Amino acid sequence: MQKLPENADVLVVGGGPAGLAAAIYLARFRRRVVVVDAGKPRAGLIPLSHNCPGFPEGIPGTDLIARLREQAARYGALIYPGRVDEVVGCAGMFAAATSLGSVQVSKVVLASGLVDVAPDIPMLRDAVAAGRVRPCPLCHGSEVIGRKVAVVGAEERALKEALFLRHFTPDVAILCNYPSEVSHPVRTQAAAAGIEIVDEVDRLIVWEDGFDALLRSGATRDIDVIYPAMGCKVRSDLAVALGAICDDAGYVRVDGHQATSVSGVYAAGDVVSALNQIAVGFGHAAIAATDIHNNLRRSHE
């Protein structure tokens, strides 16, 4: 089993796009940086990203992660598969307990991301990999132009996503009873926007190229792509334990340098309330890493 070094300048928690981009910047700044990655980056679920700058033909999430890991390692970042269980300390001296041992660092970057709440769909992971279930309308709206789209989730959130998707296709529906009823005000807004409410959905039948929504009446509704509008769980436990301020949804609050309310602790990517986009995570990472480098440089002058 790999063992962490005893000391480093910076610990990055999370090996998704934001965490790895931070590691790249820090390593190029000649900082000793350690990345501990639990191995389940949200970006790894993307079958093909078409809005990651620089890849006009698109790039699978797994390929992007592999490229970022290679780039970070090339400049000297140390990347370990493992889990960070606890971070304690204060500005300039933090101790992190991980599944690989302990490491003392001057700064911490939390890039632990979030986990989407998923609907109870048979073979969900396969459906996501095939692009039949798409967690992010902002990322993939342009790829469902003219297709039959359904949204599942709590009514207000489902309506918001359905209205967004209506820009890309006229065939948008909200599946009712999967998982909850839809109120009269939401039905009225949906009808005004040309969004159908499909009532009494009993279950979903998975096909190679889409789904059938089986209704209690025995009728079926043909669907090409499903968007879950069911929220997420932000992985901000470490931030909370350190005493960092988070919002009501669990997102870590940061300043203009991506610094949290705990001196020496930064946050980047989906763990911060912002557009949950790869490009945004890259920007967070660049800002945080540069501020960390400048602070470390000043502390040694």
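A salt bridge is a side-chain nitrogen of Lys or Arg within 4 Å of a carboxyl oxygen of Asp or Glu. This is a predicted model, in which local features need pLDDT of at least 70 and side-chain atom pairs count only at pLDDT 80 or more, while totals for chains, interfaces and linings use all residues. Residues are numbered from 1 along each chain as its sequence is written, and side-chain values use heavy atoms, with hydrogens and water left out.

**View 1. Arg42, Asp116 and Asp270 are joined in a network of salt bridges.** Take this trio as your starting point. The structure holds 13 salt bridges.

**View 2. Five strands form an open sheet with parallel pairing.** Strands here are DSSP runs of E with at least two residues, and helices are runs of H or I with at least four, numbered from the N terminus. Two strands pair if DSSP finds at least two bridges between them. The order is β3-β2-β1-β7-β17. Because β3 (78-81) and β17 (265-267) stand at the edges with a single partner strand each, one side of each has no neighbour in the sheet. β7 (residues 107-110) pairs with β17 over three bridges, and valine 109 sits opposite tyrosine 266 of β17.

**View 3. Helix α8 (residues 278-299) packs its buried residues against β1 (10-13), α1 (17-28), α2 (61-74), β7 and β17.** Contact means heavy atoms within 4.5 Å. Buried means under 20% relative accessible area, exposed over 50% and partly exposed in between (1.4 Å probe, protein chains only). Among the buried residues of α8 are Ile278, His284, Asp291 and Leu296.

**View 4. Strand β10 (residues 172-175) has parallel partners in β9 (residues 149-153) and β11 (residues 196-198).** In a regular strand the side chains alternate between the two faces of the sheet. Here Val172 and Ile174 point one way, Ala173 and Leu175 point the other way, and all are buried. Valine 172 is the bridge partner of valine 149, and alanine 173 stands opposite glutamate 196 in β11.

View 5. Arginine 221 is buried, at 16% relative accessible area, whereas aspartate 171 is partly exposed, at 24%.
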